[in-house]
Structure formats: structure tokens, C-alpha cells
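Q: I would like a close look at one part of this model. Please take it step by step.

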Amino acid sequence: MCRHVGYLGPRVGLDELLLRPAHSLLEQSWAPNDMRGGGTVNVDGFGVGWYQPATPVPKRYRAAGPMWADDNLPDVAESVAAGAVVGAVRSASRSTPVVHTACAPFTAGPWLFSHNGRVPGWPHSLVDLVDKLDSTELAELEAPVDSALVWALLRHRLTEGSPPADAVRDTLVDVVTAVPDARMNLLLTDGNTLIATTWTHSLSVCRTAEAVLVASEPFELPPAVSGEAHAGAEQPPWESVPDGCLVVADRVTTSRTALFETPEPES
Ligand code: GLN
């Protein structure tokens, strides 16, 4: 179900990061390795968001349809280099439209957001949570898709002033409490910190001397990111993140905590 990538590090071409590597996000659109919970390919659209130097509001390019079929993407990706990027390829949840507005990353102000997963029975299964949104927040829903609604719930918490990692965790807890079989790998960034969760989908983290990446599936790092002088040299290792984790990473540090407290064993 969908694949996403978050990157913080030295400026790198979007084509070098997302299109050219072995098992790139582009390759994951037609040959993903670790799809869970239905879906075999990610051909229902894609999106890329990135930050320009000294500009807090990200830029974005999204399109409906398979990533490989977009004639404009190679030129756009070759023309843009960025030090903070989110990319996503989409496998649409059942009965949702294949439109570019349903594709991650979603954005507002400084944020880019992606959801890898689905919320069965939405919006009815989330009615108690939707009740907390005001009419403007509902009107701003970009597309009739579960991920856009999850983004509205998370934005609500961010707007209320929750620290971003708390907002991500609390949104996930709200949703999975209401819908226990929801799949909720979330990814949020402001261009300085990546916040990601694992909730029934795959995620790996890779840190180099100057960069950090989170991705649904590991891929070969471009030399500009791995720090290696030539392609094919030893790659920094990807580490698989166990289920039920919150990952917070900036360009220097990574932390990983459990999303739910483990109850103390009874004595
Ligand atoms: N639920 C989202 C959508 O339909 C994401 C789907 C996914 O992770 N496969 O776009």
C-alpha cells in the first residue's frame, strides 16, 4: 500500500534521489518488495514535495497515474535540487478517486505529510473525530480520501499548538482506537525534522554522515548522499523499524520510541 520516502541532507537532485537509484521510488511504483494489506503496485498517482533554501513553505509536484508515465517528471526532477524532500507513490484505497489531489504529500504552511495505509469504513468510522473539525477544516479537505481526512485531523492538532511529534502520535492513537484495523504509517516534515510512524507497514531508516532518510523500502543512495565517491561503493546500512514505533530524526540525531506504552507486567 503506497510507498513513501523522506529525506534531509545535502542538496540532491530529485532525479538522483527518487528516479535513478536501484529500487528507487520510481521502481517501487511498479515493483515494490514489501506491500502489506492488499495492493500489488503503486500506479494511482504520485507526489514530490521539497524545500528551497531559506524558504519555509515547500514546493510540490503531483500527478494522477503511474510515476513512470509522466513525461514531465524527468525534466522537473533534473531541474530541482533540494536538501529536504518527501516523495510518495499511491495505491488508491478502494472506492477513492484517482486524482492528483488525493496524492501525498499533502501540505499546509511549512508541512509536508504522507500516509501509507488505509482507514476502513471512513469517514463513518471516524465520525467522533470528524466532529472535532470545524467547517473550514472540512471544506479544506483536498480530496475524498481517507489520507486527506487523516491529514485534516493531524493539522487540527498542529493548529492547536501540539508539538509535532505529539500531534502525529496522538492522531495515530485516536484513529487506531476508533478503527483498530487502520493501517497508519505516517510521515510529517517541516524540512528540518522527519517524524514517521510504523503501524502495520514497512519502514526503514538510513543515516549517513550528513543525511537521514526514512523510506517504506530501502533503495540505493546516490553518491552525493552516501558520501561515497562512486556508485557501487559500500552503501550505508538501512535499519528496519519495528511495528508500533514513532521515529523523530533531524540532520544530526534519530530517536525511536514506542507509540503505545507497554503495560507493566503484573507481579
Ligand atoms: N489511503 C491512501 C489512498 O487511498 C493511501 C493508500 C495506500 O497506502 N495504499 O491514497
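Which residue in β10 is the bridge partner of Ser204? Please go on from there to the strands around β10.

A: The bridge partner of Ser204 in β10 is Ala215. A word on the model before going further. It is a predicted model, where local features need pLDDT of at least 70, side-chain atom pairs count only at pLDDT 80 or more, and totals for chains, interfaces and linings use all residues. Residues are numbered from 1 along each chain as its sequence is written.

Strands here are DSSP runs of E with at least two residues, helices are runs of H or I with at least four, and both are numbered from the N terminus. Two strands pair if DSSP finds at least two bridges between them.

Start with β9, residues 204-207. Four bridges join β9 to β10, and the two run antiparallel. Together β9 and β10 form a hairpin, with four residues between them.

Now turn to β1, residues 3-13. Four bridges also join β1 to β10, which covers residues 212-215. This pair runs antiparallel. Gly6 stands opposite Val214 in β10. Tyr7 has Leu213 in β10 as its bridge partner.

What about the faces of β10? Both are covered. Val212 and Val214 are buried on one side, and Leu213 and Ala215 are buried on the other. A residue is buried if 20 or more other C-beta atoms lie within 10 Å of its own, exposed if 12 or fewer, and partly exposed in between, with C-beta atoms placed from the backbone.

Step back to the sheet. Seven strands form an open sheet, in the order β3-β2-β4-β1-β10-β9-β11. The pairing is antiparallel. The edge strands are β3 (59-63) and β11 (238-240), and each pairs on one side only. From one strand to the next, the twist averages 15°. Strands of a sheet pair through backbone hydrogen bonds, either parallel or antiparallel.

One last stop takes us to a pair of helices. The axes of α6 (residues 146-159) and α7 (residues 164-178) come within 9 Å and cross at roughly 135°. Axes are lines fitted to C-alpha atoms, for helices over the stretch in contact, and angles run from 0 to 180 degrees between N-to-C directions.
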